[in-house]
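Biologist: I have the structure open. Can you walk me through it?

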Amino acid sequence: MPPRLSALDASFLYLEQSTTPMHVGGVAVFKRSGKGGLDYEKLVGLVEQRLSLVPRYRQKVRHVPGNLARPVWVDDTEFDVAYHVRRSALPRPGTDEQLCELVARLMSRPLDHTRPLWEMYLVEGLEKNRVAVVTKTHQAMVDGISAIDLSQVILDVSPDTRPGVEEVWMPRPEPSDLRLIAEAVSDAVSRPGEIVDNVRSATGDAVATATKLAGMAGKLVTMARTASRPAPGTPLNVHISTQRRFTIARTDLEAYRRIRAAHGCTVNDAVLSVVSGALRNWLLSRGEPVTSGATVRAMVPMSVRGEADVPSSATSGSLGNRVSSFLVDLPVGEPSPVVRLHHVTHAMREHTSTGRNVGADTLVRIGGFAPPTLHALGARAASGISRRIFNLVVTNVPGPQFPLYAAGARMLEMFPVVPLAKGQALAIGLTSYDGGVYYGFNGDRDAMPDVDVLAGLVDEALDELLAASR
């Protein structure tokens, strides 16, 4: 029998609506080099070579008739890599703004549920002799154990592409409806309450689905007092549309390290303090009332140790679902950047005092280039929490501080695209890589027409904190 989706994975399918597609994205920018550099044929060949490392990417979701049981993963007997790996190009001059507009339109479109739930785009025509690879992966696909993000396996540590595994893939035939029903009945006999729960979830019972998701997505750690209060009212919490805006910001990792050295905080504390400063100035630019005690509550998914210690081997490829969600009240009402940093440091220290958090060096050691998978796990963990208790999601995932390559082309930057939750107009993702910290701002097109203003304020907030730290 094909493997059945877990309750958590199925919940992401059931909760998906036109305004809240449940896919996580990424934008990797490469330098073209050599004879032609990274082109479409090379990318397709690379993906084909690495698909054996992520077998889920050749499987699709098959629903059980009558929704008597959770769906199953089946091999796509008509799998077409050219359908999933696509080609696009920007008109001249190929600016970052044009790339962001293309990414926003791509991320606005839901994935086709009759095929494997992922897409990849090679975007040509960027200025400065660059190309981009844009990925979309459904959250039901990536659990960090049986499935990791494809972006994690197509990158190499040197320009020489590592040899792939010779494989002849033979898809297994799909089970018949009769067999699916028979297996569902068998499950119902052994677990009689589950069949009722499955039908309720699949037919749109939001309470049943949300309860299942909250129970499976990971515990809330050290935040009961915060969660007991509703999230502050902000322009970030509105009814959202089906369309998105996306923009980016680039900063230098060394700047955050200098702040860490000056104040004895973590790099993550410095990042959240910069986000607080940018949000403060953005709210002021909108003419919003910002009192001295004003806060914006962020859901900050962080990697933690599970029941067993994090494996030290980088060869396992499994990150595990070791991501828990933390609530942090960002002090946007505080005018002093140093005091903002101290507020954030104190709040995060309460969360991490259990010693279960995993350091950046450990994360980088596990599974190679882990950020795409960890951003997906962070979005999954945040999806299990009531939207009424936080204003936005901020995922910050450390990456390796050395260059990586795809088909010989050096990756210059990597920007995450974190999905929006229902009623939330903004999500922020960050990845540190090779000396830089790269922000991706995913916003609702109607509610966030000035998301580029917010991105532009990141540098200002970082400079302000650096100056105060001196």
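Biologist: Is Asp434 buried, exposed or partly exposed?

Modeller: Asp434 is partly exposed, at 27% relative accessibility. Buried means under 20% relative accessible area, exposed over 50%, and partly exposed in between, with a 1.4 Å probe and protein chains only.

Biologist: Where is Asp434 found?

Modeller: Asp434 sits in the loop between strand S13 (426-433) and strand S14 (436-444). Its phi is positive, about 50°, although Asp434 is not a glycine. Helices (H or I, at least four residues) and strands (E, at least two) are DSSP runs, numbered from the N terminus.

Biologist: Which other residue has a positive phi without being glycine?

Modeller: Asn67, with phi near 55°. Asn67 is in the loop between strand S2 (59-62) and strand S3 (72-75). Asn67 is partly exposed, with a relative accessible area of 22%. Most residues other than glycine have a negative phi, and most peptide bonds are trans.

Biologist: Which peptide bond is cis?

Modeller: The one from Arg92 to Pro93, with omega near 10°. Pro93 lies in the loop between strand S4 (85-89) and helix H4 (96-108).

Biologist: Back up a step. What kind of model is this?

Modeller: This is a predicted model: local features need pLDDT of at least 70, side-chain atom pairs count only at pLDDT 80 or more, and totals for chains, interfaces and linings use all residues. Residues are numbered from 1 along each chain as its sequence is written, and side-chain values use heavy atoms, with hydrogens and water left out.

Biologist: What does the pLDDT average for the protein chain?

Modeller: The average is 84, and 80% of the residues score at least 70. pLDDT is the predictor's confidence in each residue, from 0 to 100. Residues 213-224 stay under 50. Residues 305-317 also stay under 50. Where pLDDT is low, the predicted coordinates should not be read in detail.

Biologist: How many helices and strands does the protein chain have?

Modeller: The protein chain has 14 helices and 14 strands. Of its 470 residues, 57% count as buried.

Biologist: Which residues touch the most other members of the largest nonpolar core?

Modeller: Phe30, Trp118, Leu426, Tyr439 and Phe441, out of 128 residues in that core. Helix H10 (residues 267-285) gives the most to this core, with 10 residues. A nonpolar core is a set of buried Ala, Val, Leu, Ile, Met, Phe, Trp, Tyr and Cys residues joined through side-chain atoms within 4.5 Å.

Biologist: How does H9 pack with H10?

Modeller: Helix H9 (residues 253-263) meets H10 at about 105°, with axes 9 Å apart. So H9 is roughly perpendicular to H10; that label covers 65 to 115 degrees. Axes are lines fitted to C-alpha atoms, for helices over the stretch in contact, and angles run from 0 to 180 degrees between N-to-C directions. Among the residues making the contact are Tyr256 of H9 and Val274 of H10.

Biologist: What does Leu465 touch?

Modeller: Leu465 is in helix H14 (residues 451-469). Leaving out residues up to four places away in sequence, Leu465 touches Ile259, Ala270, Ser273, Val274, Pro337, Val338 and Leu341. Contact means heavy atoms within 4.5 Å. Leu465 is buried, at 2% relative accessible area.

Biologist: Last topic, cysteines. How many disulfides are there?

Modeller: A search of the whole structure finds zero. A disulfide is a pair of cysteine sulfur atoms within 2.5 Å. Cys100 is buried, at 8% relative accessibility. Cys265 is buried, with a relative accessible area of 8%.

How values were computed: Parallel < 35°, antiparallel > 145°, perpendicular 65-115°, else oblique.
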